[in-house]
Amino acid sequence: MKQLLLLIVLMSFSCKDSPKKVEKKINKEKTILSLDLEVYDYDGLKPLLNKQDGKVHVVNFWATWCAPCVKELPYFEKINAEYEEKNVEMLLVSLDFPRQYDKSLKPFLKKKDLKSRVVCLDDVDQNRWIPAIDSTWSGAIPATIIYKGDKRKFYEKSFTYEELETEVQQFLN
Amino acid sequence: MKTLKLLAAFVCFIGLTAFTVTTDSGYKVGDVATDFSLENIDGKMVSLSDYKSAKGFIVIFTCNTCPYAVAYEDRIVALDKKYASKGYPVIAIMPNDTDVKPGDNMQAMQARAKAKGFTFPYLMDKGQKIYPQYGATKTPHVYILEKSDKGNIVQYIGAIDDNYQDASLVKTKYAENAVDALLAGKEVAQKTTRAIGCSIKTK
């Protein structure tokens, strides 16, 4: 009898427990999926690559599936943290495939909690916008633009933090 | 004075060559492409010169691990099926350093080729000697070569088509148009195009 009671108590516990857990998980997924992405085609993105506001703009093209991009993201975050007050504005342009937004990009953004502004470029007509962004860009990522007013440099390469900081500082002087 | 002039000329020359080196990496349309001897997934060595009856080649630098390359796999198979019999076979070359990208090693290449039913050689650029000569920077990166008396002439460099996301929404098939023009004895209308790809992995 005692044992039966124990069993009932145990069962009621587990019954109480499991729906809560499921609910919690669903909520978590909901918050990830409800994360709003700024998605642009090239015409929408273009003004962000040509701001005339006296600030130094660092624009990095990346994707969650691009290992060297993910590796250098913390350096861009660090520049953003340390130079934001010195008139440096960071923009991370994700080239993730739209069908991967929910599955890969949103969970990634949630997990990494990036402080820099992240936008998505969804424009299949790459042959139009790649040369428009820079005539020398072959299309490989990571790729980065640093500009201030009309002064502009394009980099089709990976950065170390020191390299990136040196480049940014050239624009600050 | 004379030495100064000479020095100026020398500096100028150095400057010029330095400049040429940086901007002249890889082939441009019209250049003669190098042949190679690279290991295929079946263990045999493959060279362009093995293809006696070919009129040219669709050389594609591609790999297992890049989502853009994966998105194009079926279309690369379709290209080979359509054009190999017409004299333009696909030659796929995997350019990544496999220590950096183990997912592109020989076993992985064999598995991928089997799973996708590759009808063309899938070669390993072991030592990464070939892709820099072509000037490939990413996967996928296409070079269409036309066989001539002078060698294999580069006639097209760039993307396969204009929609990496959805083959059914492609408007312009750049690579097919280029091969069609060459087969018809015409000049390729659009000789270079650009597309996003994964940078080729090196140590």
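In what order do the elements of chain A run from the N terminus on? In this predicted model, the order is α-β-α-β-α-β-α-β-α-β-β-β-α. That comes to six helices and seven strands in chain A.

Some totals for the chain. Chain A has 173 residues, and 42% of them count as buried. Its accessible surface is about 9,900 Å², with 55% of that belonging to carbon and sulfur atoms. If you take the contacts in chain A with a separation of 6 or more, 70% are between residues 24 or more positions apart.

Now the helix, H4 of chain A, residues 101-112. Its buried residues include A:Tyr101, A:Leu105, A:Lys106, A:Phe108 and A:Leu109. Those residues cover an arc of only 155° around the axis, which puts them on the same side of H4(A). In general, an α-helix has 3.6 residues a turn, so residues three or four places apart point the same way. On the other side of H4(A), A:Lys103 and A:Lys111 are exposed. After H4(A) comes A:Asp113, with a positive phi, near 50°.

Last, the interface. Chain A puts 26 residues into the contact and chain B 21. The area buried between the two chains is about 1,800 Å², and carbon and sulfur atoms give 55% of it.

Which elements of chain A give two or more residues to the side that touches chain B? They are helix H3 (67-83), helix H5 (126-133) and strand E5 (140-141). H5(A) gives the most, with five residues.

Technical notes
Residues are numbered from 1 along each chain as its sequence is written. Chains are lettered from A and ligands numbered from 1 in the order in which they are written. This is a predicted model: local features need pLDDT of at least 70, side-chain atom pairs count only at pLDDT 80 or more; totals for chains, interfaces and linings use all residues. Side-chain values use heavy atoms; hydrogens and water are left out. Helices (H or I, at least four residues) and strands (E, at least two) are DSSP runs, numbered from the N terminus. Buried means under 20% relative accessible area, exposed over 50%, partly exposed in between (1.4 Å probe, protein chains only). Contact means heavy atoms within 4.5 Å. Accessible areas come from the Shrake-Rupley method with a 1.4 Å probe; for residues, only the protein chains shown count as cover. The arc is that of the directions from the helix axis to the C-beta atoms. Buried area is the accessible area (1.4 Å probe) that two parts lose on being put together, summed over both.
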